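User: I am new to this structure and would like to go through it by question and answer. Please take it step by step.

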Amino acid sequence: MNAPMSKTAVPALQLEGLRKSFGRTEIIRGVDLSIQRGELHAVIGPNGAGKSTLFNLITGRFAPTSGTVRLHGTDLAGMAPFQINRMGLSRSFQITNIFPKMTVFENVRCSLLWSQGYRYSFWNLVSRSRELNEGADEILEQINLTARRDLPAGVLSYAEQRALEIGITIAGGADVIMLDEPTAGMSHSETDYIVELIRKVTENKTLVMVEHDMGVVFGLADRISVLVYGEIIATGRPEDVRANPKVQEAYLGAALEAEH
Amino acid sequence: MDLVVINLIDGLVTGLLLFMLSSGLTLIFSMMGVLNFAHASFYMLGAYFAYQISLYVGFWPGLLIAPLIVGVLGALVERYGLRRVHQYGHVPELIFTFGLALLIEEVVQFIWGKNIVPFDEPELLNFALFSIGGNAIPAYKVFMIFISIGIFLALLYVLTRTRVGMVIQAALSYPRTVEALGHNVPLVFMGVFGVGTALAGVAGVIAGPVLGTFPGMAFLLGSIVFVTIVIGGLGSLWGALVASLLIGWLTTFAATSTFEFASLLTAIGLERPEDLSESYIRDLWTLSLPQIGPILPYILMVLILVFRPFGLFGKRDV
Amino acid sequence: MTDTTHKSAVSTPASRLTLGQVAPWLFAIAFLVLLPFVFKSNAALTIMNQMMITIVFALAYNMLLGQGGMLSFGHAVYLGFGGFMCMHIMNAVEDNGLPLPLPLLPIFGGLFGLGLATIIGSFSTRRAGTVFAMISLGIGELIAACTVIIVVLFGGEEGISGDRTYGLPVFGYEFLQQIEVYYVLGFWTVLSALLMYLFSRTPVGRMANAVRDNPERAEFLGYSARWVRFYSFCASGFFAGVAGAMVAINYEILTEQSMSATQSGVILLVAFLGGVGFFFGPIIGAIVFTLLQSVLSLYTEIWQLYLGALFLATVMFFPGGLAGVLMMHVPVARLGKFGLLVMPYIKTLLPALVSVIGVSALMEIIFHYRHAPPGDEEMTLFWVTFDSHNLLAMLIAFVVAAAGFWVAKRNSGELRNAWHAANTPDGGRA
Amino acid sequence: MLKITRFGVAAALALSVSATAALAQDIKAAFIDPLSGPFAATGSNGLHQFQFAADRLVNEKGGLLGGRKLVVDGFDNKTSPQESLIQLQVAIDQGYRYIIQGNSSGVANALTEAIEKHNKRNPDSRVLFLNYSAVDPALTNDKCNFWHFRFDANADIKMDVLTDVIAGNKDIHKVYIIGQDYSFGKAVSAAANAMLKAKRPDIEIVGDELHPIGKVKDFTPYARKITAAGADAVITGNWGADMLGLGKALVANGYTGPVYTYYAAGSGITAAFGEAGKGVIRLVSEGQTNPPVSDVASAYYDAYKAKYADGNVDQTRITNTIAMLAAAIEKAGTADDVVAVGKALEGMELDSIWGTKLFMRPQDHQLIQNMHILQHTNEGVTYDYDNSGFGVVVESTVEMAGMDSPTTCKMDRP
């Protein structure tokens, strides 16, 4: 749709020759990928294809064995996660990763702090900043958790925690959002709810998501990359990828036939 | 020269003793992620139990029975204490073992009193085996070396050559998988905890007569043991061995050295003031290496942490 | 100002202080002001001073343990360092006649504590959890050992002493009397507690909680877990230094004991007993511990054994500490169903108490049997005098303990049910 | 155990509501020493000896000032200077006017300063400090004050006695000095160096070192060094586990010379040394228990053992303290005006039941008495320690040791 932009624009995210080995096993075997600003991009692949590893390489959780990751043209090599985050990349986790003992509101407010310029301030009181509190409430409104505002995050239902996870991820106002299987382990209705939520909160942002659920990916993504055994075997618009025989063979075949 | 040889022997004794504690501690840590603060308390219990047993049947049965009792106690602590606290996380576990260490010290005082108890080497080994330059090497020390090495080799054999050892090693890295394979991982944990504390118990039995059996012995050695495994790298058995020997020799050589810091100060061009009480570095002028020998491990630890935050053999993700 | 919105009171961005926020502080101040009118003696004042010092130190410690998730086995070092430096300042002021009023001393104590914490924290806060704990233990031991070696700074085992009545009288007060010192310390206690409370409400204070719960997530929010820990550590060092200055003012002497590993262990005990999960937990801990220490050591020689057992029981069964136990009852009180719990509590806790008394009686008898001088077989326990070598006494104690335990165990099911009922909002009643 | 009366903080809180009755019938002395923690055994044993002495020397003979009893109550200071100051305050509030303390010079220093300040600031509730065991020379030199009286010989006097003996032993040519790294250990080292140089310039000091206090796990390396240096005698101020560790390591290494020391008897140490220490351990101390000096002394010891079978009369100075306090109170005719009692104590002369003259030197409040070198042995022991069969026997005696030892004390008298 709006994916192919002018060739000269710096891609939001660019991977070049990315490789990662654990011991003797090479998990990521040379990935090249370029994601344009504003694109909604999905990475799919069968279990064990290295999706999460790729994800962790991009966000600085693991250091690559070789190759580069560029965010808006800047090489991320050697940067810690918090530095990458400050450059405008925010991620969620496959296993829910929130602050369980803090209230839902606190969770969101904490994720606003850095972007609102509070840094390591110990001379501001968080409760005294209207901008901060209203900002947090707005995000709660967006992710439909206003009613749960003052509960400890740990007691929320699974879907609510996933929603909160997305809320925390987008709160900092990063322009590149990375979601790791946001709908994993959800029922159909819950999935629809989360997809709607993702569509809503990622407007005008670059989105990279790893996903297992086909329905989610085809409905949402502008472009799709298929990762098999640490290599990208196809990248393109959903319908092209769907038609790609290699993909069919490697991954979709059985599933698609079963669906139709 | 004679003194160097003697120091090597003495340092080896200290180092191996430290290793008997630090190996058990490391085994427990790498398996369960729990740093057992009370580890040295089990060492103390070993010494006291052996003392009590020696009152009735002599030293040798105690060498066998005391560690067994300590091991069983350790396993019980794991089963009914640690496992319960486990749900709250690692820091509460550490606090639990800290509290346990306090309690054990109090219980020991309750039962055996606050004074040193007269726990002595067995008559059989109470002679000088040989002497180097007028310094006697007691037979007991040689016995300590052999016991430590023997236990180390046995441990190595069990861990690498037996089926139980393979299960333990696998459970270290993949507890879930091992559990799925039908092994009772909690039981393995309990066993490892028991064996680890029993090792500490053995160390207590053989060290008690030499280093003195008194309620403060746990803390005295304990803090050094923790420093040892931090220097070696948490969770690394080789690191524990290297660090133990390093500290053993370091403290031994430091204690017998005659180095004075005054010579260092003179070397950098300072002049010893007539009236020392006026000088702000007067303590340095009178300081000698033996004086700070026992705190050298702490200094070593700080240095290691500054330059190698994960210890000598530590892996990044502990 | 935005009170007209429909959100609950808490949710308004509070640009105005509410009574609920201020009341506890006003109450604390009034309490501290009035206390000396009840307990007049110098000894009582000294103990209350000790209590206040412990409160400040425990709160500072909890900035690490409770709020930052960092377990330190060597925090007394910062208290001691701040205190020693204050003694030096006190002596320097006396020698040179500098115009420094005594009540300002804690600022300097804090700054020195902060300074040391900055140096140590720069490498110790790189790691969290177990490794941090071990490093703190090692550093604590190292610095504590230095106290007897570096005599210039720490005065060897005699410590450094001074005279607080040196300098300029402040508004006519020369701090000759304990009561004057009491009010100085009271002021600093309230001020420090308030500042520490406010710190927990600042961005870095909130992030300390976040890093405690989930350091990885915090990193992906733009915060370096390590620096967040570092700032908490420094702040904690500052207030530990303030507590050290309070020691200097109250005792006019600082010794290596204040920096020792024992002291570091005690403060962990205090904070944990009180409850690290709540801001006021360590305050309760400090008060209870100081009283317990004096009352128990008054009646029994093996009070440390009891203390150790109590601590272990707290870790195992009430990880929230005393504050946690108290706060468990807040939802019940909100539902107005506290009445439901009264009877089950009596039926369970009373026998449990009897059982504890039985066990401790048994311990005392055994202890007396083993350690009292031969011939001295008579002992008095709970106002009863008897022969400790008589098996009957032990038997009675044992039976009391066992019976109490049995009854408590039998009734605990009832308590559990009642607890559940008390925590369930009423649906059925219209 | 609850025979030991304990007073503490809680009592203070309770009592503080009502004003304390100042006109108590009993004369109350507060014993502020460790009664719990690692040094509790030493503390409790000391308290027993004090209470026994007060009963036997005063109360059974009809009390003081026409029937007033002398009671000694224990206050647990947990060996902490700060806790001691709290207990001091508690004791003063409860009307105690005599403070007794001995274990740890650190605590003694804190107490003497606190008492000086207190007496200056509160003239109505002044107290005297009876130090029965803290030997830091400073207490009767630079830090002396009118309120402090020491009933034990200070470290310098003891060293004087030790070096006299060493100087007299022509077999000793090389001496090794080792001690714990703190004020007492340093004082021992300094005094030993100075005195040996003055008395026997030909003796070579082959080693002089300090080790961290309570931190040494294994004394073997130190013992190696001492043997390697060829020392004929060792001087040490070590006590507790450090003393035992050093002594045992020396013996295990084949060292056979004498170890001259201060504190190596009683509190389990004698039992722990046992056979190994025989012929090696020599200590300097006041008070002769073996062989017994008189029937009175034997009767006293027997009565004590009858009451406390596990105890030792290992601090005869305690008896002296009580005897002198009682005499001073009688002489002053008051127990409440401590200035008068203090002035009566100054310069007092008295005969001890342990067969020595006692003289409280007025310049610095240092008690002068006979000092002995005692040998750890199991031969000729009438009264053993720790029921171990081993005890200490007098080997030599220096009469009125340190009578003309110098002092830098400049005392302000009230």
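Analyst: Two residues are in contact if their C-beta atoms, placed from the backbone, lie within 7 Å. With that in mind, chain A and chain B do not touch, and their nearest C-alpha atoms are 12 Å apart. This is a predicted model, and the values below are computed from it.

User: Over which residues of chain D is the pLDDT below 50?

Analyst: Chain D averages a pLDDT of 84, and 94% of its residues score at least 70. One stretch falls below 50, although it has 55 contacts in the model beyond near neighbours in sequence. Where pLDDT is low, the predicted coordinates should not be read in detail. The stretch in question is residues 1-24 of chain D.

User: How far apart are the nearest C-alpha atoms of chain A and chain D?

Analyst: Chain A and chain D do not touch. The distance between their nearest C-alpha atoms is 34 Å.

User: Which chains have the most contacts between them, among the four pairs that touch?

Analyst: Chain D is in contact with chain B, through 30 residues of chain D and 32 residues of chain B. Among the four pairs of chains that touch, however, the most contacts belong to another pair, namely chains C and D.

User: Which element gives the most to the side of chain D that touches chain B?

Analyst: On the side of chain D that touches chain B, at least two residues each come from α2, β7 (204-211), α7 (220-228), α8 (240-252) and α9 (269-273) of chain D. By class, this side has 14 nonpolar, nine polar and seven charged residues. The element that gives the most, with seven residues, is α7(D).

User: What distance separates the centres of domain 1 and domain 2 of chain D?

Analyst: The domain assignment of chain D gives domain 1 as 9-134 + 297-354 and domain 2 as 156-290 + 370-398. Taken over C-alpha atoms, the centres of these two domains of chain D are separated by 30 Å.

User: Which helix gives the most to the side of domain 1 of chain D that touches domain 2 of chain D?

Analyst: In chain D, 12 residues of domain 1 are in contact with 14 residues of domain 2. On the domain 1 side, α2 (40-58) and α11 (316-332) of chain D each supply at least two residues, and the residues of that side divide into four nonpolar, five polar and three charged. With three residues, the element that gives the most is α2(D).

User: What is the radius of gyration of chain D?

Analyst: Chain D has 12 helices and 15 strands, and its C-alpha atoms fill a box of roughly 65 × 45 × 40 Å along the principal axes. Buried residues make up 62% of its 414 residues. The globule rule gives 22 Å for 414 residues, and the value for chain D is close to this, so chain D is as compact as a globular protein of that length, with a radius of gyration of 21 Å.

User: And what is the radius of gyration of chain A?

Analyst: In chain A there are nine helices and 10 strands, and buried residues make up 43% of the 260 residues. For 260 residues the globule rule gives 18 Å; chain A comes close to that, so it is as compact as a globular protein of that length, and its radius of gyration is 19 Å.

User: Which strands stand at the edges of the open sheet of four strands in chain A?

Analyst: The sheet has the order β2-β1-β4-β5 (chain A), with antiparallel pairing. Within it, eight bridges join strand β1 (residues 13-22) of chain A to β2(A), and Thr25(A) in β2(A) is the bridge partner of Phe22(A). The edge strands each have a single partner strand, so one side of each is left without a neighbour in the sheet; they are β2 (25-35) and β5 (74-75) of chain A.

User: How many of the eight residues of helix α1 of chain A are buried?

Analyst: The buried residues of α1(A) include Lys51(A), Leu54(A) and Phe55(A). Just after this helix, Gly60(A) takes a positive phi of about 85°. Helix α1 (residues 51-58) of chain A is largely enclosed by the rest of the structure, because the number of its eight residues that are buried is seven.

Notes:
Residues numbered from 1 in each chain as written. Chains lettered and ligands numbered in written order. Predicted model: local features only at pLDDT ≥ 70, side-chain atom pairs only at ≥ 80, totals over all residues. pLDDT = per-residue confidence, 0-100. Domains from an automatic or database assignment. Nonpolar A, V, L, I, M, F, W, Y, C, P; charged D, E, K, R; others polar. Buried ≥ 20, exposed ≤ 12 C-beta atoms within 10 Å, placed from the backbone. Rg over C-alpha atoms; globule rule 2.2 N^0.38 Å. Pairing = 2+ DSSP bridges.
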